[in-house]
Amino acid sequence: MKKLLIVFTIALFSFIDSSAQVQYKVITSVESIVPSGLGRSRIISANEEKDYKEYTSTQTEEDKTRNKSKRGDIRVKGFDETKLLNFYNIGGIRFQNIAANDALITSKINTMIEEGWELAFVTSAVESKGGKDDKQGIFITRYIFKRNK
């Protein structure tokens, strides 16, 4: 009986892929914090993969050659762009817009999870000049998902 159990256990573990690779995907939300609702807000999701090595050079004391990649080669032309609402309208901050954005972002996250992705990390930042007459600014959030290939 012990031999049968050992054989069964070995057979079971032989089906498990010990070299499972993890795949990552980044989804970005950009929400405008420009007064009067003049900015643009979106969820961006790339549908193409890029190999960063093609656009990277290594600088050494002997070799100072820079990467000569063209911007057009780096750009991703296949991506999803989901419209979001701006935080502000002509009357000031618009809480309904924030709630609507939350609903759309939640829908995107839930869809990713249904597709087998796991939300691994979230990071966000605000960019603004910050001066008295500042008319620019964005709130950006990156959602980093992972799944086994």
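**Reading burial, contacts and surface patches in a predicted chain**

Colleague: Let us begin with a single residue. Is S45 buried or exposed?

Modeller: S45 is buried, at a relative accessible area of 2%. The term buried applies under 20% relative accessible area and exposed over 50%, with partly exposed in between, using a 1.4 Å probe and protein chains only. The model is a predicted one, in which local features need pLDDT of at least 70 and side-chain atom pairs count only at pLDDT 80 or more, while totals for chains, interfaces and linings use all residues. Residues are numbered from 1 along each chain as its sequence is written, and side-chain values use heavy atoms, with hydrogens and water left out.

Colleague: Where in the fold is S45 placed, and which residues does S45 contact?

Modeller: Strands (E, at least two residues) and helices (H or I, at least four) are DSSP runs numbered from the N terminus. S45 belongs to strand β2, which covers residues 41-46. A contact requires heavy atoms within 4.5 Å. Once neighbours within four places in sequence are set aside, the contacts of S45 are K25, I27, F79, D80 and K108.

Colleague: What pattern does the chain follow along the sequence?

Modeller: The order is α-β-β-α-β-β-β-α-β-β, made up of 3 helices and 7 strands. Of the contacts between residues at least 6 apart in sequence, 66% join residues at least 24 apart. The chain has 149 residues, and buried residues make up 17% of them.

Colleague: S32 also interests me. Is S32 buried or exposed, and what does S32 touch?

Modeller: S32, in strand β1, is buried at a relative accessible area of 1%. Not counting residues up to four places away in sequence, S32 touches G39, R40, S41, N86, F87 and G137. Two of these partners can be examined further. G137 sits in the loop between β6 (118-127) and β7 (138-148) and counts as buried, at 6% relative accessibility. With the same exclusion of residues up to four places away, G137 touches S32, I33, V34, E127 and S128. Between G137 and G39 there are 98 residues of sequence separation and 8.4 Å in space, C-alpha to C-alpha.

Colleague: How many salt bridges does the structure hold, and which residues meet in a salt bridge?

Modeller: Side chains of opposite charge can pair when their charged atoms come close. A salt bridge is counted when a side-chain nitrogen of Lys or Arg lies within 4 Å of a carboxyl oxygen of Asp or Glu. The structure holds 1 salt bridge, in which the side chains of E81 and R42 meet at 2.8 Å, N to O. E81 is in strand β3 (residues 79-84) and R42 in strand β2, so the pair ties together parts 39 residues apart in sequence. E81 is partly exposed at 46% relative accessible area, whereas R42 counts as buried at 18%.

Colleague: Which residues form a nonpolar patch on the surface?

Modeller: A patch takes residues with over 30% relative accessible area and no salt bridge, joining like charges within 9 Å and nonpolar side chains (Val, Leu, Ile, Met, Phe, Trp, Tyr) within 5 Å. Here V22, Y24 and F121 form the nonpolar patch, with about 320 Å² of accessible area together. Accessible areas come from the Shrake-Rupley method with a 1.4 Å probe, and for residues only the protein chains shown count as cover. Y24, in strand β1 (residues 22-32), is partly exposed at 49%. For the whole chain, the accessible surface comes to about 11,700 Å², of which 55% belongs to carbon and sulfur atoms.

Colleague: Which residues form the positive surface patch?

Modeller: Lys and Arg count as positive and Asp and Glu as negative, while His and the chain ends are not counted. Each charge is placed at NZ of Lys, CZ of Arg, CG of Asp or CD of Glu. The positive patch consists of K50, R71, R75 and K77. K50 lies in the loop between β2 and α2 (71-74) and counts as partly exposed, at 37% relative accessibility.
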